[in-house]
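Work through the exercises below with the model in view. Try each task before reading its solution.

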Amino acid sequence: MMRTRPLKVALLGCGVVGSEVARIMTTHADDLAARIGAPVELAGVAVRRPDRVRAGIDPALVTTDATALVKRGDIDVVVEVIGGIEPARTLITTAFEHGASVVSANKALLAQDGAALHAAAEEQGKDLYYEAAVAGAIPLIRPLRESLAGDKVNRVLGIVNGTTNFILDKMDSTGAGYQEALDEATALGYAEADPTADVEGFDAAAKAAILAGIAFHTRVRLDDVYREGMTEVTAADFASAKEMGCTIKLLAICERAADGESVTARVHPAMIPLTHPLASVRGAYNAVFVESDASGQLMFYGPGAGGAPTASAVLGDLVAVCRNRLSGTTGPGESAYAALRVSPMGEVVTRYHISLDVADKPGVLAQVATVFAEHGVSIDTVRQQGKDGEASLVVVTHRASDAALNGTVEALRKLDTVRGVASIMRVEGE
């Protein structure tokens, strides 16, 4: 039997995502009511610029006083899509204190202060849902914390930023340079005017922190995530990748150590075999590959950004939170019981592709091989090309720690026969 009194929703932010949330709430009102068991009503919309025309939204609902909106006391659910740390953090905690549950898409805030926000929600007996914070419309948070709650997740490997994937895919498929591909992404609306958060890996690092925390039942903050951007990736790197049967992706990688006592979270460009499912993810799409004990290998794929896809994830959370509200329950909160150690990047073990500029003369390869051996890094393959006294030496290693590889590279730079290190890239997905 449907309840007639509507559940009231406050919307914080009415940009690309917020406007889509409001539109779907209006156009799909009857379906949402049937799925929830009660109608939902948009009770207020907090914005910074109230004079802007917002199609389909009653101007009487628009306010610039977000604090007053979340303090009203009759609000059942606050949907936060303004982003950033403040005032979002204060508004969310204030919402809990005044009786509302929260649906958020704020990856930066959750990666930095997720534990505190979960604690605030638990103290007030309210929900905190955030499916839209990672990978847009792709259902990922809920499968990790609910569907796989009885399994042991060992690895989460994913493309979680559509802008960077579009750029790298364009470089791979057309031979374009980084700047040319970035310019096209900007012209098409995939990249912001300031693309730093995307191309330097900040966006993906925040998502990696959230994913690692949920997957491994351990608190992982943004500061725990190793981050490396993709601005230095070149056409020559893609040429080398193709020779190895690989392509290059900016990956978010969360792993449980072999001994089960620690975890790592990192974001960086990496070569990945063309045979791996993630290698075929094109354009601005996202995909996340999950490996667990019982389920084996799972892949989640779809549009990772944009107003409508992200709003879809927000509305999915809104339905779940509203159902909980009606039944007087709350959904899953933070699960950090494992409290595993978060290892530094130096302990991460993977393969490496190193390109060196060297003198084209006898004995160079032996010198380089000796340095690798002295630092305990085993060489898988070596390829050397030379002309007019100069040469390039490409070394692919077996699995080695980041610390060992860094020591190797430092020693290589001291060799008179090594002119420079052209590039270093990790090889993942094998």
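**Exercise 1.** Determine whether strand β11 is enclosed or open, and find its partner strands.

Solution. Six of the eight residues of β11 (residues 285–292) are buried, so the strand is largely enclosed by the rest of the structure. Buried means under 20% relative accessible area, exposed means over 50%, and partly exposed lies in between, with a 1.4 Å probe and protein chains only. Strands (E, at least two residues) and helices (H or I, at least four) are DSSP runs numbered from the N terminus. This is a predicted model, in which local features need pLDDT of at least 70 and side-chain atom pairs count only at pLDDT 80 or more, while totals for chains, interfaces and linings use all residues. Residues are numbered from 1 along each chain as its sequence is written, and side-chain values use heavy atoms, with hydrogens and water left out.

Next, take the partners. Two strands pair if DSSP finds at least two bridges between them. Strand β7 (residues 153–159) runs antiparallel to β11 and is joined to it by six bridges; V153 has S292 as its bridge partner in β11. Strand β12 (residues 296–303) is also antiparallel to β11, with eight bridges, and A287 is bridged to Y301 in β12. Three residues lie between β11 and β12, which form a hairpin.

**Exercise 2.** Is M299 buried, partly exposed or exposed, and which residues does M299 touch?

Solution. Start with the location: M299 is in strand β12. Its relative accessibility is 35%, so M299 counts as partly exposed. Then list the contacts, meaning heavy atoms within 4.5 Å. Not counting residues up to four places away in sequence, M299 touches P277, L278, V281, A287, V288 and F289. As a distance check, the C-alpha atoms of M299 and A404 are separated by 32 Å, and the two residues are 105 apart along the chain.

**Exercise 3.** Give the strand order of the six-stranded open sheet, and state which strands stand at its edges.

Solution. The order is β3-β2-β1-β4-β5-β6, and the pairing is parallel. β3 (62–63) and β6 (128–129) are the edge strands; each has a single partner, so one side of each is left without a neighbour in the sheet. V79 has V103 as its bridge partner in β5.

α12 (residues 307–327) lies across β1 (7–12), β2 (40–46), β4, β5 and β6, at about 170 degrees to β5. Axes are lines fitted to C-alpha atoms, for helices over the stretch in contact, and angles run from 0 to 180 degrees between N-to-C directions.

**Exercise 4.** Compare the span of helix α5 with that of a straight helix, and locate the kink.

Solution. The expected span is 1.5 Å times one less than the number of residues. For 18 residues a straight helix would span 26 Å, but α5 (residues 107–124) spans only 22 Å between its end C-alpha atoms. A kink of about 85 degrees is centred on D113; the bend at a residue is the angle between axes fitted to the seven residues ending there and the seven starting there.

D113 is one of the buried residues of α5, which also include L109, L110 and L117. Among the elements covering the buried residues of α5 are α4 (88–97), β5, β6, α6 (141–147) and α10 (202–216). Just after α5, G125 takes a positive phi of about 70 degrees.

**Exercise 5.** Which residues have the most contacts inside the largest nonpolar core, and which element gives the largest share of this core?

Solution. A nonpolar core is a set of buried Ala, Val, Leu, Ile, Met, Phe, Trp, Tyr and Cys residues joined through side-chain atoms within 4.5 Å. The largest one has 78 residues, and V78, L144, I167, I210 and L211 have the most contacts inside it. Helix α10 gives the largest share, eleven residues. A second, separate core has 34 residues, including L42, A105, A311 and A313.

**Exercise 6.** Where is the cis peptide bond between E86 and P87, and what is its omega?

Solution. The bond from E86 to P87 is cis, with omega near 10 degrees. P87 is in the loop between β4 and α4.
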